[in-house]
Amino acid sequence: MCRKYLAFARVAWALTLEYRAQILIWMMSSFLMVIMLAVWLSISRNGTVNGFAPGDFVAYYMIGWIVRNLTAVWTAWELDLAIREGRLSPLLLKPIHPIHNEIAANWVEKSLRVFIVLPIAVVVLLITPGASLILTPLTLVAFILAVAGAWLLVFLSDYLVGMLAFWTSQTAAFIEGYYGVRLLLSGIIAPLAMFPPAAQAALRWTPFPYMLNFPTEILTGRVTTLEQLFISFGIQFVWVAIFAVIVVAVWRRAIRSYSAVGA
Amino acid sequence: MPAQIHVDQLSKHYQVHEKEPGLAGSLRSFVARKYRTVKAVDGVSFDIGAGEMIGFLGPNGAGKTTTLKVLSGLLYPTSGVATVMGFTPNKREAAYLKQFTLVMGQKQQLLWDLPAVETFLVNQAIYEIPRAEFDATVKELDQLLDLGPLLKKQVRKLSLGERMKCELAAALLHRPKILFLDEPTIGLDVTMQVRIRDFIGAYNQRYGATIILTSHYMADVTALCDRIVVIDKGKVLYDGNFRELIERIAPYKILRLQFEQPAACEQLASYGTVESCEGLTAVLHVPRAQATEAAARLLNHREIKIDDINFEDPPVEDVIREVFSGKVNPLVSA
């Protein structure tokens with residue numbers, strides 16, 4: 001399996017280099033985080049908002065920007081396109097599940113993004129007074145694990161939404177709708193700490209906070225107790241497991257009714 | 001010996017939603033969708049032994065490609081049985097997937113923006129082909145298909161014929177024992193068609209691979225396949241020897257006559273069916289068994305002066321068209 005991933009990664013790398021300009025533009029699209037930062041800085045310039053001073057917003061959004069890039073997934077679009085254009089058929093003839101190529105390609109693209117985004121975020125964090133992070137071995141390890149969990153959540157949920165293309169040709173609407181929900185509820189438009197306490201309490205049980213807000217808050221110091229940390233990891237893990245089971249089940253059903261389009 | 005490919009009363013039905021044209025139709029379809037069942041494959045049965053090369057003939061929409069997709073595991077049968085080498089294709093077991101290949105002339109598996117060799121390397125990893133075997137196969141395919149410098153060019157820069165050669169090579173890297181070739185020569189120029197045809201024949205000889213070939217080009221089928229399966233509207237109309245079908249449907253030879261001077265057409269009628277007789281030319285249909293004798297008699301005729309005489313087999317296309325039109329039942333001799 002390792003050799004297959006390496007083969008997929010080689011191709012993904014070659015394609016990434018082919019499409020250098022495109023990658024840069026896609027990275028800029030996660031610039032939404034930077035735009036929202038500008039918005040919140042402007043809102044908070046005279047004080048704090050819900051306990052967030054300007055420096056806190058910078059910390060949240062710079063770490064959030066890194067997390068956003070590390071969890072960027074576009075597999076729903078790829079699946080939708082492949083299914084509608086009948087390009088899934090050649091993939092189904094191969095003795096390997098098409099999901100593996102998606103995963104390998106995604107990881108390769110991450111490595112390129114990180115090279116660009118990480119230095120910029122670090123520089124901004126260093127030059128902003130009041131942008132403080134809690135960087136200890138514990139928080140760093142927890143951060144890495146939480147980002148891995150976040151990636152799994154985003155990837156699996158994306159794959160699930162993409163699989164709708166097996167049953168409808170209107171998948172684009174569902175994908176966009178899902179992205180909109182995720183933008184709001186995972187902490188991109190606003191840190192979840194800005195939400196009313198009741199909303200925050202309800203959201204805790206959904207998968208969305210664990211896609212961005214949770215990993216980010218580990219480093220910005222809002223996860224203050226070990227108990228909080230373990231409960232959050234627990235909820236994240238359960239959601240990953242739920243999505244994994246649903247994806248496997250839905251895939252089986254989808255393949256059953258799949259009719260290859262075209263000749 | 002049990003058949004390698006066994007198909008018994010295979011059916012595949014699709015639900016297709018119908019929409020009437022125009023705005024009214026769109027609105028109606030939005031509220032209440034109408035569905036219609038399309039019987040793409042309707043009770044098809046045949047058995048194929050290892051190493052056979054079979055041609056599937058049929059008009060568009062006959063069910064040829066659908067049958068191949070069921071045998072490849074891409075589609076689940078609605079009813080009936082389809083097994084290949086003992087495997088149930090739609091279970092898509094890795095062991096089965098490694099044994100066959102499906103090449104669809106209108107679809108591609110080559111990565112568009114990279115040289116073909118990149119796709120080859122991915123396939124090598126996916127099919128777990130050992131390095132030495134992979135190199136040997138690429139070399140042989142290169143020889144048979146004359147790939148040469150094509151492998152290093154970006155696929156999107158290749159011409160259709162060059163791309164088809166690379167597609168075939170990519171599909172055969174794992175030396176499958178069973179080939180499903182769906183219109184592999186479609187859109188190719190005559191030279192390339194012959195090239196691909198020769199390659200398919202050579203592959204069958206060299207590796208003893210079982211090959212099912214679908215094509216609209218009669219030349220593909222006549223050149224390669226002794227046995228054909230004629231499919232139309234999801235049903236098998238004929239399954240057997242190609243030559244026998246021709247002789248059954250069109251058990252005559254065509255005699256084209258050129259006269260020195262206009263001949264009396266009524267005199268020709270005793271030699272066979274007169275298809276046309278005008279001026280200095282005439283076309284006769286003569287039963288095969290009597291063709292040579294009729295020609296000899298005509299040449300020795302005292303009154304009819306023949307300048308040139310040509311024997312022809314009835315055009316295969318016409319014969320097959322007769323079968324498709326339903327005017328003849330190929331299972332019954334004409």
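Predicted model: local features only at pLDDT ≥ 70, side-chain atom pairs only at ≥ 80, totals over all residues.
Chain B comprises 12 helices and 13 strands, and its C-alpha trace extends over about 75 × 55 × 50 Å along the principal axes. Of its 334 residues, 39% count as buried. The chain is divided into domain 1, residues 5-246, and domain 2, residues 251-313; the C-alpha centres of domain 1 and domain 2 of chain B are 44 Å apart. Among contacts in chain B between residues at least 6 apart in sequence, those joining residues at least 24 apart account for 70%.

The interface between the chains involves 20 residues of chain A in contact with 24 residues of chain B. On the side of chain A that touches chain B, α1 (2-18) and α6 (88-92) of chain A each supply at least two residues. The greatest contribution to that side comes from α1(A), with 8 residues. By class, the side of chain A that touches chain B consists of 12 nonpolar, 3 polar and 5 charged residues.

The largest nonpolar core contains 84 residues, and B:Ala169, B:Leu213 and B:Ile228 have the most contacts inside it. Helix α6 (residues 160-172) of chain B gives the most to this core, contributing 7 residues. Because domain 1 (5-246) and domain 2 (251-313) of chain B both give residues to this core, it lies between them. Apart from this core lies another, of 53 residues, including A:Ala142, A:Leu153, A:Phe155 and A:Leu185.

B:Val319, B:Ile320 and B:Val323 are buried. These three residues lie on the same side of α12(B) because they cover an arc of only 95° around the axis. In general, an α-helix has 3.6 residues a turn, so residues three or four places apart point the same way. On the other side of α12(B), B:Glu317, B:Asp318 and B:Arg321 are exposed. The buried residues of α12(B) are covered by elements of chain B that include β3 (53-57), α8 (218-224), β8 (227-232), β9 (235-241) and α9 (242-249). B:Gly326 follows α12(B) and has a positive phi, near 80°.

Strand β12 (residues 281-287) of chain B likewise has two contrasting faces. B:Ala282, B:Leu284 and B:Val286 form its covered face, whereas B:Thr281, B:Val283, B:His285 and B:Pro287 form the uncovered one. In a regular strand, side chains alternate between the two faces of the sheet. Two strands of chain B pair with β12(B). Strand β10 (residues 252-259) of chain B runs antiparallel to β12(B) and is joined to it by 7 bridges, with B:Tyr252 standing opposite B:Pro287. Strand β11 (residues 273-278) of chain B is also antiparallel to β12(B), through 5 bridges; here B:Val274 has B:Leu284 as its bridge partner. The hairpin of β11(B) and β12(B) has 2 residues between the strands, and B:Gly279 in this hairpin adopts a positive phi near 60°.

Conventions:
Residues numbered from 1 in each chain as written. Chains lettered and ligands numbered in written order. Domains from an automatic or database assignment. Contact = placed C-beta atoms within 7 Å. Helix = DSSP H or I, 4+ residues; strand = E, 2+ residues; numbered from the N terminus. Nonpolar A, V, L, I, M, F, W, Y, C, P; charged D, E, K, R; others polar. Buried ≥ 20, exposed ≤ 12 C-beta atoms within 10 Å, placed from the backbone. Arc of directions from axis to C-beta. Core = buried A, V, L, I, M, F, W, Y, C linked by C-beta atoms within 7 Å. Pairing = 2+ DSSP bridges.
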